[in-house]
Every structure is written in structure tokens, then in C-alpha cells.
Amino acid sequence: MSALTIRPVTTAADLATVVDLCWAYRDFLYHFGPTEQRIVETFYPQDKYSALMARLPEEHARPRGIILLAERDGIPLGCGMSHALTETESEIKRVFVTDAARGTGAGRAICQRLVDQAREDGFEKVYLDTSVGFAPARALYRSLGFVERGPYQPMPDFTRDAICFFEMPLRDVAAQAE
């Protein structure tokens, strides 16, 4: 088995692959359980998600964002992306790996690359969120150094018990004090 590659999306074919993975992610969320179905219906209704997929290249454009594709032997295994929330804060979005890639380290590699890219791009903090029901994702984020916090954007009340919000400072405390 060859090595996993994580690379920026640079072609229309890459983008089409990521869009397909994003739709698989939405489907995974929708069918995971009633809470996740409500999340999809609230944040990702079909028409709104279609419009978002059309805007992915702009929403996550360099130099303040990035879209990554994970592959092994040319087979897409997952994706992830980030974008700026403010001049100093970045958000990781739509980290997803296929069933075949779960447990292989692909999700960790995607997340680490997104964190590293945010740091290289000069962000001071990175945020992400996930469903409360996704225990493996929550454990992964904690193992990477993310800490739980409250919502970092306005959210409907039901999300208090449905979504976990995380943050990670990208500069050490001593450097921030200077």
C-alpha cells in the first residue's frame, strides 16, 4: 500500500472530487442520527448546500484558506478545508473521510495539515466544530491540541446539546505576551 497524500486542490477535477466528498459528508451526517439530521436540515438544506458547493473555491481561496484532498494510489479518501473568520482567526470546515479511510490516520493527517497551514498563514487561533455524537472526531481534535469551548458564532439554541465547539491557539503564550 502506498503512502497517503494530502494535497491542495488545484484543478477542476480535484474540486469535483471534493464536492462529491462533501455531498457524501452531508449524506453521512443526515443518516447518522436524528440530531445530525436536524443539523443538516438547519445548516445544510439541499439548495443552500448546493450554493455552498458552487462557492467552495471562493470561500476557501488562498491565501486565507485552503481546500485539501487526501488520496492513496489516486483514490480519494477524504477532504478538509479552512477559511478566515477574522484577520487572526481561521476555521476548519468539512473534514471528512470515506468509510474505507476511517481508522487509517487520514482524518488526523488532514486536520494536522489544516492547522499547520493556518499557522503558516499567520493566524493566531483556529476553530472547528463537530457533532456531539462523533466521539472519534472529538477525541481526534483533543489529541491534536484543540480544547472545547462555547460557540464562536451565533447558533440556534438546540446546538448547545448537539454540537461541540473547539479552538486551538496557534502561537504560544510567551510569544503572545511580547
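Tutor: Asp73 sits in the loop between β2 and β3 (75–84). The names come from DSSP runs, counted from the N terminus: a helix is a run of H or I with at least four residues, and a strand is a run of E with at least two. The model is predicted, with local features needing pLDDT of at least 70 and side-chain atom pairs counting only at pLDDT 80 or more, while totals for chains, interfaces and linings use all residues. Residues are numbered from 1 along each chain as its sequence is written, and side-chain values use heavy atoms, with hydrogens and water left out.

Now the backbone of this residue. The phi of Asp73 is near 55°, a positive value in a residue other than glycine. In general, most residues other than glycine have a negative phi, and most peptide bonds are trans. Asp73 counts as exposed because its relative accessibility is 57%; exposed means over 50% relative accessible area, buried means under 20%, and partly exposed is in between, with a 1.4 Å probe and protein chains only.

A positive phi also occurs at Arg94, where the value is near 45° and the residue is again other than glycine. Arg94 lies in strand β4 (residues 89–97). With 6% relative accessibility, Arg94 therefore counts as buried. Another backbone feature is the cis peptide bond between Arg62 and Pro63, with omega about 10°. Pro63 is placed in the loop between α3 and β2 (66–72).

Ile39 brings in Phe158. Setting aside neighbours within four places in sequence, Phe158 is in contact with Ile39, and also with Arg38, Thr42 and Phe43. Phe158 has its place in the loop between β6 (147–149) and β7 (163–169). It counts as buried because its relative accessibility is 18%. From C-alpha to C-alpha, Phe158 and Glu36 are 11 Å apart in space, though 122 residues apart in sequence.

Next come the helices. Helix α1 (residues 12–32) and helix α3 (residues 46–59) pack at an angle of about 150°, with their axes 10 Å apart. Axes are lines fitted to C-alpha atoms, for helices over the stretch in contact, and angles run from 0 to 180 degrees between N-to-C directions. That angle makes α1 roughly antiparallel to α3; angles under 35 degrees count as roughly parallel, over 145 as roughly antiparallel, 65 to 115 as roughly perpendicular and the rest as oblique. The residues in this contact include Leu15, Val18, Val19 and Cys22 of α1 and Met53 and Leu56 of α3. By class, the contact of α1 with α3 has 10 nonpolar, 2 polar and 1 charged residues. Here Ala, Val, Leu, Ile, Met, Phe, Trp, Tyr, Cys and Pro count as nonpolar, Asp, Glu, Lys and Arg as charged, and the others, Gly among them, as polar.

Helix α1 also meets helix α2 (residues 34–43): their axes come within 5 Å and cross at roughly 135°. The two helices are therefore oblique to each other. The contact is made by Arg26, Leu29, Tyr30 and Phe32 of α1 with Glu36, Gln37, Val40 and Glu41 of α2. This contact of α1 with α2 divides into 4 nonpolar, 1 polar and 3 charged residues.

Last, the axes of helix α4 (residues 106–120) and helix α5 (residues 135–144) come within 11 Å and cross at roughly 45°. That makes α4 oblique to α5. Gly107, Arg108, Cys111 and Gln112 of α4 meet Leu140, Tyr141, Ser143 and Leu144 of α5.

Conventions
Contact means heavy atoms within 4.5 Å.
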